[in-house]
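Colleague: Before we rely on any label here, I would like to go through the terms with you and hear what each one rests on.

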Amino acid sequence: MKIFISKYNGFCSGVKIAVDKANKTLDAEKKLYSYGEIIHNKDVIDELSNKGLKVVDNVPDESDAKLLIRAHGVGKQIIDELNEKNVDFIDATCVKVKNIHKIVEECKNNGYNIIITGDKNHPEVLGILGWCNNEATIISTVEEFLNIEIDFNKKYCLVSQTTFNTETFQKIVDLIDEKKYLNIEVHNTICTATRKRQEATLELASKCNVMLIVGSSTSSNTKKLYELSKKICPDTFLIENYKEIPYNYIDKNTIVGVSAGASAPDRIIEEVINMLENLNNNMNEQVEKNEQENAGSMRELFENYGGVSYIRTGERVKGTVIYVSPEAISVNINYKSDGIITRDEYSLSEVADLTEVVKEGDEIEAQVMRVSDQDGNVVLTRKPLEESKIWNELEKMKDENTVVETTIIEASQYGIYGKVKGIKGFIPRNQISIKRNVDTSEYVGKILKVNVLETKNNKGRRQLVLTSRAVEKIEKEIKDKEAWENIKEGEIYEGVVKNIQDYGAFVEIDGIDGLLHINEIAWTRIKHPSEVLKTGDKISVKVKNVDKENRKLSLSYKATIKSPWSLFLDKHQKGDIVTGKVSRIVDFGAFVDIDGIECLLHIKDLDWARTEKVTDVLQEGQEVTAKILNITRKDRKVSLGLKQLTEHPFDVYTKSIKKDDIIPVEVTRILLDGVHVSVNGNIDSFIPIARVSTEKLRTPAQVVKVGEVKDAKVLGIDSKGKNLSLTFVLEDKGDDALNNDNVTAYTPEESNFTIGESIGDALEDLLNNN
């Protein structure tokens, strides 16, 4: 076997600078944020994460550590946001990428239309977009360029992603020249290192049987190297480390070429090369042995070496443990040298002390990592065999929908990661939960139940994809079924408000949602449920109706709380003095809100004196104190009195007078049979015509006028009926004469005037007095 290595391998200068800056900062400060992954290499990311690196997708509002901008760069708006929030950041943007930012910004400001060749989803391209107001046409093929409607009256600027395919870019440039697009200004911004790396890979692929492209499948430049090489060398493989070397494609006559993307660390490239060299040395040794010994068949060689004729890297061997220490195991594998398995290579799971899990004499199977170390021992590992066995178990778990638990160890914008049987598995964002828009960072450290969703990716490579959503969905269905079976109409349950709508709220009870209609939220009328409830509130609700067939649940919140009427009755009774606000005024009185209950204050109970209009006494919104006169429980009615808070004017006045007292009165009305007078300004009394004068009168109007103030004598005081018996006849003619109301009564036959004349004279007197 021959091994050729590309001239240009490993980190490009931009990636190297970014990784070095990250390591330097972490060594000093133990914590660092990175705006996106610094490099498309899982091993490097894991190493940096263990040192304290945390990948974020947004600018933090407050940061307790510095933030590093990776070599891909970011848009201008991100830089502005960092400055506005005073976030301390390290700008590790590649100088070649910064140059693209400068070009597109200047051209955009000068009226150019921007065209970018590259991957529209790549972070570098997204960053470039941010320097031209996110206004650009992104293309990745010649065909896409041809679909652009070029306006000869406009100016265009063409730039490229630094890792774009040089061959495709040149075809686009040739097309521009061919069509004489003189208004397109071309800037070849493909990184020189990228171009040289691609050219060297093409040259190498042309003379090799097998090409190994080392790097991550998520790396743009690595994928382009793979695509270019595959066109020339069909047996091209993209591998992430030495464990993925396709040994079945390699023999002693194979010419193997090794190239690597810009995100592949030197140590990983060296491990691949060392593994190939060990394999090559082993093949050469075996050829020499076969030639010297001319042993013939493989069986003969097997017998000559006591069971193993020869071994090679990647081969499985069995042996017996001959020595065990806490850090290593020595194994007799029937070869000229013993095998060594270190503690790190014993198992995918962490083992603190090998003497606790292995003893001398145990049979053990392992895989050859190197045929010979510096001491001549065969370096073995059990990890690939254990991993292979575990993958078989995982495949079985997938087929049987086995549920296992995993602790979430990492989160990104795309999902979360956990280990199952030591294998790191990925749970995509849409497979985390039945809930939408989950925050992946909240799951780190949590234990989730998962199913195995996939064990291979679309390229056939091993990849563990898990789902916790499927397990959660099944558990919810079981819980829902149990809840629907147990829930009872008329019972009260504790629930949580999950969602609020205009027409009501949805409340979760034991995992199932029920509708709490707006009419069932409060005893009083409300315009929106948010006046009473908010999302997340824990409340008690009563089940009004259960429709198990259609899975519908009707709830009531107000049924679990006392109505305003019940609260009113608990608090108030007849005779209580209460205070409230006038809610509305009607012709017959006013309604006063007392603790949520509208109580009637009738017009007749406003004042002891006659009230013509309610608004003469009260106004809407006015606070008023009144007395509860009556409570009708059946009709839920409460009547109030305002005048009842004061003593009756009659009682007050009559305390200061007695019978036969002379008091002043004012004539208020004149009738045929007597007059009404006002006593003390607020007591109405009637004096019959017989007591108006000693003379025989046709009408009281003959001797009194409305508004006239006269002295009257108190004949009697009726406290119960609130009435004063008065007379204008002050001379003492005897009680019989004063108390006989008939002395002035006349019949038409005895008089020399008619009833009509009497009424006419009275009306005339009234009109004249008014």
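Colleague: In what order do the strands of the open sheet come, and is the pairing parallel or antiparallel?

Modeller: This is a predicted model, in which local features need pLDDT of at least 70, side-chain atom pairs count only at pLDDT 80 or more, and totals for chains, interfaces and linings use all residues. Residues are numbered from 1 along each chain as its sequence is written, and side-chain values use heavy atoms, with hydrogens and water left out. The open sheet has four strands in the order β1-β12-β10-β11, with parallel pairing; strands are DSSP runs of E of at least two residues, and helices are runs of H or I of at least four, numbered from the N terminus.

Colleague: What makes β1 and β11 the edge strands?

Modeller: Each of them, β1 (2-5) and β11 (236-239), pairs on one side only.

Colleague: How do you know that β10 and β11 pair?

Modeller: Two strands pair if DSSP finds at least two bridges between them, and four bridges join β10 (residues 210-214) to β11, so the pair meets that definition. Val214 stands opposite Ile239 in β11.
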